[in-house]
Amino acid sequence: MAALDRRTGGAHVVRFTPQGGSAQVITADYTKFNDNRKLDTVDVTAGSETSRTSKPTVEGMDFSLSIYGANQSWLVNVLPRVQGVLEIMEDGIGVGLPIVEFTALLTDFSRNVAFDGAVEIEIKGMRQGAMSKEVGSVQA
Amino acid sequence: MNQLQAIYTGIRSRLLSDGALPEILLDVSQSEYKIFANAAPGDNLAPYIIMNQIYGGQINTCPVDMLDNVVRVVGVSTDGDEAETLAQFIHMALHRNNLQMPGGWSTYIPVKELNGFYEQMTIQGVQYHAHGAYYRIRANNLEN
């Protein structure tokens, strides 16, 4: 039996505010969003040990967004090298709904053009510094 | 208006607006061109064009409503050559052309012809030829 609270991307909203620019929802025509947090570690296993021990170092996060290309006016604001605030609202925009927020550096902008298909665009970036709104935060 | 009716309306409008629309499709008594969805009215005599949904619908891959439908569009005539002429007209009017549809729908990729279709039927001693093709309609709706 399926869990009643199984989550989907149906209400998912991602908003990006480039430095010096205005906030823009960038998921209106999206097909897939992915984010990934990873903690780096160093091996500190003593020479006499037979089981590995690691020490945590820095944690980072990157993300990617796939959208249909539809001449969106804001595409010029999501090119590589742009920095801004990325807000991820997995249940949509609304007071009390969850949000995570961080400063993002955009690194990749790729297009996939098929003769008999829609143009698809993938935007990738990574977090700069710490989360400004960590998992568990809600929208004011 | 539902999605399928919007597609039928778009195809019909496209066929009617094509400068090569064959005059044999004109029903003089009704002053209308015989292009029908689903089924031809019982009192209509061939030749006519008929379109039927084959498969498809909403594809639900993004927040924007998108359709991906395949519709069979064929010319029906008691004359095989006439049916072939209608099939060629349908091809020229639809293949790689966009549709103007009501309800906010619009093709985001031009209509593409897929497989061809031909069928011969004998009904009450009269031989009918249905000649045309399957057409793929991909549309989105920015109004909802």
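This is a predicted model: local features need pLDDT of at least 70, side-chain atom pairs count only at pLDDT 80 or more; totals for chains, interfaces and linings use all residues.
First, the conventions. Residues are numbered from 1 along each chain as its sequence is written, and chains are lettered from A, with ligands numbered from 1, in the order in which they are written. Local features need pLDDT of at least 70 and side-chain atom pairs count only at pLDDT 80 or more, while totals for chains, interfaces and linings use all residues; side-chain values use heavy atoms, with hydrogens and water left out.

Let's start with the interface. Eleven residues of chain B are in contact with ten residues of chain A, contact being heavy atoms within 4.5 Å. The size of an interface is often given as the accessible area lost when the parts come together. Here the buried area is about 730 Å², and carbon and sulfur atoms give 52% of that; the area is what two parts lose in accessible area (1.4 Å probe) on being put together, summed over both. B:Thr61, B:Pro63 and B:Lys112 supply 43% of what chain B buries against chain A, more than any other three residues.

What about charges? Side chains of opposite charge can pair when their charged atoms come close. The rule finds two salt bridges across the interface of chain B and chain A, a salt bridge being a side-chain nitrogen of Lys or Arg within 4 Å of a carboxyl oxygen of Asp or Glu. A:Asp116 forms a salt bridge with B:Arg138, and their closest N and O atoms are 2.5 Å apart. On chain B's side, the elements giving two or more residues are strand S6 (105–123) and strand S7 (126–141); strands here are DSSP runs (E, at least two residues) and helices are runs of H or I, at least four residues, numbered from the N terminus. S6(B) gives the largest share, three residues. By class, that side divides into six nonpolar, one polar and four charged residues; Ala, Val, Leu, Ile, Met, Phe, Trp, Tyr, Cys and Pro count as nonpolar, Asp, Glu, Lys and Arg as charged, and the others, Gly among them, as polar.

Now, inside chain B, how do H1 and H2 pack? Helix H1 (residues 3–17) and helix H2 (residues 80–94) of chain B pack at an angle of about 105 degrees, with axes 9 Å apart. The axes are lines fitted to C-alpha atoms over the stretch in contact, and angles run from 0 to 180 degrees between N-to-C directions. That makes H1(B) roughly perpendicular to H2(B), a label for angles of 65 to 115 degrees; under 35 is roughly parallel, over 145 roughly antiparallel, and the rest oblique. B:Ile11, B:Arg14 and B:Leu15 in H1(B) meet B:Phe89, B:Ile90, B:Ala93 and B:Leu94 in H2(B). That contact has six nonpolar, no polar and one charged residues.

A few backbone details in chain B next. Most residues other than glycine have a negative phi, and most peptide bonds are trans. B:Ala46 and B:Pro47 are joined by a cis peptide bond, with omega about 10 degrees. B:Arg96 has phi near 65 degrees and is found in the loop between H2 and S6 of chain B. B:Gln124, in the loop between S6 and S7 of chain B, has a positive phi of about 50 degrees.

Last, chain A. Among the twelve salt bridges over all chains, one is between A:Glu134 and A:Arg37 (2.8 Å, N to O). These two are 97 residues apart, with A:Arg37 in strand S3 (residues 30–43) of chain A and A:Glu134 in the segment after strand S7 (120–133) of chain A.
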